[in-house]
Amino acid sequence: MAHTMRAAVVGVPVPSLEISLGILAWVVGGAGLDTGLGTLLVALGVALAGYLWVVRRRASGMVVQLHPERRRRMQRLLIIGAVGLVAFPILLAMISYGELGTALTAALVAVLLIMASSVIEERSLVAVGAIVLVIAAVGAFIALNSPGVGASQPVIGLGAGAVLFVAGMRRLGVLDELQRRVAARRRR
């Protein structure tokens with residue numbers, strides 16, 4: 001019965017969410033740094049994301065089949081996330097709390113990741129969302145105790161990006177492969 005409910009209606013490559021959000025967060029974090037270092041870090045993040053997309057394409061068998069109701073739930077979460085990514089910074093700037101825009105946007109993404117875990121049946125998204133939520137809280141604390149967004153944006157963006165990239169790498173099996181290679185080198 002459970003297998004029929006997961007009929008092949010829509011295939012969602014599982015790690016796509018982490019890779020997409022990871023590069024977005026990474027770019028936001030890099031933009032908060034000095035031009036030289038920020039550009040270098042953004043370039044490294046884009047290269048890593050590109051590599052992960054190639055690996056994801058090769059692992060096309062890693063697909064969660066979503067029932068139409070689950071697909072609608074996932075679409076709602078994505079719409080809420082997209083609206084929040086645009087609206088939170090604007091609304092907070094209007095009420096003189098613009099420095100919290102990055103932190104509250106990251107918190108929204110964290111909550112949506114936790115909610116998405118039940119839609120695509122991936123429990124690790126709960127842990128990823130929780131870690132991003134902690135990073136958002138630390139970023140909010142930094143933002144409230146320093147002038148402007150300059151101090152918190154790199155912490156939030158690069159921290160959340162790193163967590164999301166590692167989560168995507170884990171689910172793609174990249175971390176397992178690296179662990180096997182390191183173990184093989186140690187045996188030599």
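User: Which residue forms a salt bridge with Glu121, and how far apart are the closest N and O atoms?
Analyst: In this predicted model, the partner of Glu121 is Arg70, and the closest N and O atoms of the salt bridge are 3.0 Å apart.

User: Where do Glu121 and Arg70 lie, and how far apart are they in sequence?
Analyst: Glu121 lies in the loop between helix 5 and helix 6, while Arg70 belongs to helix 4, so the pair ties together parts that are 51 residues apart in sequence. Helix 4 covers residues 68-94 and helix 5 covers 101-119, and helix 6 takes in 124-144.

User: What is the phi of Glu121?
Analyst: The phi of Glu121 is near 55°, which is a positive value in a residue other than glycine. Ser96 is another such residue, with a positive phi of about 65° although it is not a glycine.

User: Where is Ser96 found, and is it buried or exposed?
Analyst: Ser96 sits in the loop between helix 4 and helix 5, and with a relative accessible area of 60% it is exposed.

User: Back to salt bridges: how many are there by this rule?
Analyst: The count comes to eight salt bridges. Among them are two in which Glu177 takes part, one with Arg180 at 3.2 Å from N to O and one with Arg181 at 3.1 Å from N to O.

User: Where do Glu177 and Arg180 lie?
Analyst: Both lie in helix 8, which covers residues 174-187, and they are three residues apart, about one turn of the helix. Arg181 and Glu177 are likewise both in helix 8, four residues apart, which is again about one turn. Glu177 counts as partly exposed at 31% relative accessibility, whereas Arg181 is exposed, with a relative accessible area of 53%.

User: Which residues are linked in a network of salt bridges?
Analyst: Glu18, Glu122, Arg170 and Arg171 are linked in such a network.

User: Switching to aromatics, how many pairs does a search of the whole structure find?
Analyst: The search finds one aromatic pair. The rings of Trp26 and Phe165 have their centres 6.1 Å apart and their planes at 50°, so the pair is tilted. Trp26 lies in helix 2 and Phe165 in helix 7, so the pair ties together parts that are 139 residues apart in sequence.

User: Are Trp26 and Phe165 buried or exposed?
Analyst: Both Trp26 and Phe165 are buried.

User: What span should helix 7 have, and how far apart are its end C-alpha atoms?
Analyst: At 1.5 Å a residue, the 21 residues of helix 7 should span 30 Å, and the end C-alpha atoms are 30 Å apart, which agrees. Just after helix 7 comes Gly173, which takes a positive phi of about 90°.

User: What's the volume of the largest pocket, and which residues lie nearest its centre?
Analyst: The largest pocket has a volume of about 250 Å³. Its lining is made up of 15 residues, and of these Ala25, Val28, Leu85, Thr105 and Ala106 lie nearest the centre. Helix 2 (16-31), helix 4, helix 5 and helix 7 (152-172) each supply at least two residues of that lining.

User: How does the lining divide by class?
Analyst: The lining of the largest pocket has twelve nonpolar and three polar residues, with no charged ones.

User: And the second largest pocket, what is its volume?
Analyst: The second largest pocket has a volume of about 210 Å³. Its lining residues include Leu17, Met74, Leu85, Val109 and Ala116, and they divide into eleven nonpolar, one polar and no charged.

User: Which helix gives the largest share of that lining?
Analyst: The largest share comes from helix 4, with six residues, while helix 2, helix 4 and helix 5 each supply at least two. Leu85 is in the lining of the second largest pocket and is also one of the residues that lie nearest the centre of the largest pocket.

How values were computed
Residues numbered from 1 in each chain as written. Predicted model: local features only at pLDDT ≥ 70, side-chain atom pairs only at ≥ 80, totals over all residues. Heavy atoms only, no water. 1 Å grid on protein atoms, 1.4 Å probe; cavity = no way out; pocket = protein on both sides within 12 Å on 5 of 7 lines; lining within 4 Å. Points joined across faces, edges and corners; volume = space filled by probe spheres on them. Nonpolar A, V, L, I, M, F, W, Y, C, P; charged D, E, K, R; others polar. Expected span 1.5 Å × (residues − 1). Phe/Tyr/Trp six-rings, centres within 6.5 Å; stacked < 30°, edge-to-face > 60°. Buried < 20%, exposed > 50% of the residue type's maximum accessible area, 1.4 Å probe, protein only. Salt bridge = Lys/Arg side-chain N within 4 Å of Asp/Glu carboxyl O.
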